[in-house]
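Me: I am new to this structure. Please take me through some helix packing and a couple of loop residues, one question at a time.

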Amino acid sequence: KSSSMSAYEILYVVNSSLASPTGGGRTRVVAAARQTTKPAGTERLKVRILCFCPPQQFLNLRRLASGKAMLERESGCPVHYLPSLPLTRIGWLRKLNNWHGALVVALLCWFRGIKIVHGHGLRPTIFALLARWFKRDLRVVADVHGATTAEYLYEREVVGYDDFARDLESQERRMMREASWLIFVSDAMRRFYETHFGMNFSRFSIIPCATESDFAPDVSRRQQLRIENGLNDRLVVCYVGACESYQLPDEMCRLFQSLRAKFPQAFFLIFSHHREAFLKHLGATGIEPEHSRVLSVKHHEIFDLLQMADLGLLLRDESIVNRVASPTKFAEYCLCGVPVLAANGIGDVSELIERHKLGLIVNPKAHRLDEAALEFISETQNRRHEFASRLTNFARNHFSWDAYGAELRRLYIQTASDGASKPVNTSLIAEKTDCQ
């Protein structure tokens with residue numbers, strides 16, 4: 001094979017069928033694949049996606065085939081579905097599953113002449129690292145989607161480490177130490193792992209959860225939508241996403257009630273597939289139907305509708321999981337020109353909001369908004385066009401997949417040549433770019 005990058009195919013390894021069109025992990029894999037395979041100069045890179053699925057999903061082959069066809073259509077890449085082993089909470093089965101994944105990855109790479117494996121998440125990266133036992137020239141790019149051990153402890157409210165948590169942390173350490181290149185979704189995540197493991201990473205990139213949309217807000221369309229939805233004279237506070245406890249739905253509702261005490265024309269517009277759950281929270285906090293609405297819409301419709309909003313909510317509780325996160329909805333709010341009311345300590349987001357004047361940091365636990373917050377909200381109304389332009393420009397420059405396509409291709413080239421002694425890009429936090 002030629003030593004040029006065009007001779008290589010990149011293998012994406014995922015520990016999911018990616019069948020749900022609303023999953024954040026799916027959005028990242030599809031967007032990265034499309035960006036990688038975009039024509040760029042003389043280089044034309046290829047991507048192949050290997051999905052390890054829970055064995056029970058193979059009981060419904062029609063649904064699985066439909067999901068596979070949709071994934072191939074949206075990514076523009078060939079997709080393989082293979083079952084993982086069951087009962088991987090059992091230690092020896094978990095180890096056996098790792099070697100099962102490693103052997104499959106190695107065989108596919110050997111058959112296709114693939115030298116670069118991009119592991120999306122911890123377990124796929126472990127498969128790729130173990131595959132080196134069978135194919136020693138493999139280069140492994142580890143895409144660190146989240147703090148896996150911290151997520152496990154957080155979700156199960158485990159006090160102290162159990163055997164599973166210790167195993168996860170051991171695998172995380174191995175991933176950080178042995179991967180050819182690391183991708184973090186936030187600089188906060190990089191700093192967390194450097195401190196936690198006492199490491200100093202040199203071959204890494206910061207690629208946040210960005211948006212692939214080429215949407216451009218339109219003032220006349222916004223006005224039309226607000227009139228059609230009876231929101232023309234309302235202060236529209238919006239939320240996009242699920243109704244999980246860590247997203248603080250009760251605190252969102254209380255914050256809205258506090259805001260409405262000062263702005264009686266306020267309206268809470270929620271886009272979520274968890275409609276019934278949100279209706280319960282709204283009812284429990286006394287928010288009447290004439291002041292709120294919960295809509296379930298397809299993802300591609302969100303951008304058009306989101307531009308109706310005057311403010312977007314992005315609240316999280318205090319945890320390691322959220323301290324390293326990169327919520328996709330931040331990019332969506334910014335692209336639609338919507339100022340963000342966010343909790344402190346959400347990945348890089350909170351610092352970016354303050355630095356680039358993209359919104360305001362609020363305390364989700366406070367029973368009422370302070371005067372500074374109320375003044376800020378009034379300011380966003382009086383200078384709406386200025387805020388919208390700044391937010392949209394920021395999203396296009398820093399949270400658009402178009403901005404990271406070249407970055408992704410470049411890191412593959414670096415990895416193919418054994419990497420470099422410095423990161424491909426600096427973190428967004430370190431940038432001093434004026435986005436106004």
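Me: At what angle do helix α4 and helix α6 pack?
Reply: This is a predicted model. Helix α4 covers residues 122-131, and helix α6 covers residues 163-178. Their axes lie 10 Å apart. The packing angle is about 60°.

Me: Is α4 roughly parallel or oblique to α6?
Reply: The angle between α4 and α6 is about 60°. Angles under 35 degrees count as roughly parallel, and 65 to 115 as roughly perpendicular. The angle therefore makes α4 oblique to α6.

Me: Is the crossing of α4 and α6 left-handed or right-handed, and how many charged residues does the contact have?
Reply: The crossing of α4 and α6 is left-handed. On the α4 side, Leu122, Arg123, Thr125, Ile126, Leu129 and Leu130 make the contact. From α6 come Leu168, Gln171, Glu172, Arg174, Met175 and Glu178. By class, the contact of α4 with α6 has six nonpolar and two polar residues, and the number of charged ones is four.

Me: Where do the axes of α3 and α4 stand, and at what angle do they cross?
Reply: Helix α3 spans residues 91-112. Its axis and that of α4 come within 7 Å. α3 passes α4 in a right-handed crossing. The angle is roughly 65°.

Me: How many nonpolar residues does the contact of α3 with α4 have?
Reply: α3 brings Arg94, Asn97, Asn98, Trp99, Gly101, Ala102, Val105 and Ala106. They meet Arg123, Ile126, Phe127, Ala128, Leu130 and Ala131 in α4. By class, the contact of α3 with α4 has three polar and two charged residues, and the nonpolar count is nine.

Me: Is Ile346 buried or exposed?
Reply: Ile346 sits in the loop between β12 (340-342) and α14 (349-356). Beyond its neighbours within four places in sequence, Ile346 is in contact with residues including Leu314, Arg316, Asn322 and Pro327. Its relative accessible area is 1%. The cut-off for buried is under 20%, so Ile346 is buried.

Me: What separates the C-alpha atoms of Ile346 and Leu360?
Reply: Along the chain, Ile346 and Leu360 are 14 residues apart.

Me: Is Ser400 buried or exposed?
Reply: Ser400 lies in the loop between α16 (384-398) and α17 (401-416). Leaving aside neighbours within four places in sequence, Ser400 is in contact with Ala210, Thr211 and Ala395. Its relative accessible area is 8%. Under 20% counts as buried, so Ser400 is buried.

Terms used:
Residues are numbered from 1 along each chain as its sequence is written. This is a predicted model: local features need pLDDT of at least 70, side-chain atom pairs count only at pLDDT 80 or more; totals for chains, interfaces and linings use all residues. Side-chain values use heavy atoms; hydrogens and water are left out. Helices (H or I, at least four residues) and strands (E, at least two) are DSSP runs, numbered from the N terminus. Buried means under 20% relative accessible area, exposed over 50%, partly exposed in between (1.4 Å probe, protein chains only). Contact means heavy atoms within 4.5 Å. Axes are lines fitted to C-alpha atoms, for helices over the stretch in contact, and angles run from 0 to 180 degrees between N-to-C directions. Angles under 35 degrees count as roughly parallel, over 145 as roughly antiparallel, 65 to 115 as roughly perpendicular and the rest as oblique. A crossing is left-handed if the near helix is turned anticlockwise from the far one by less than a right angle, and right-handed if clockwise. Ala, Val, Leu, Ile, Met, Phe, Trp, Tyr, Cys and Pro count as nonpolar, Asp, Glu, Lys and Arg as charged, and the others, Gly among them, as polar.
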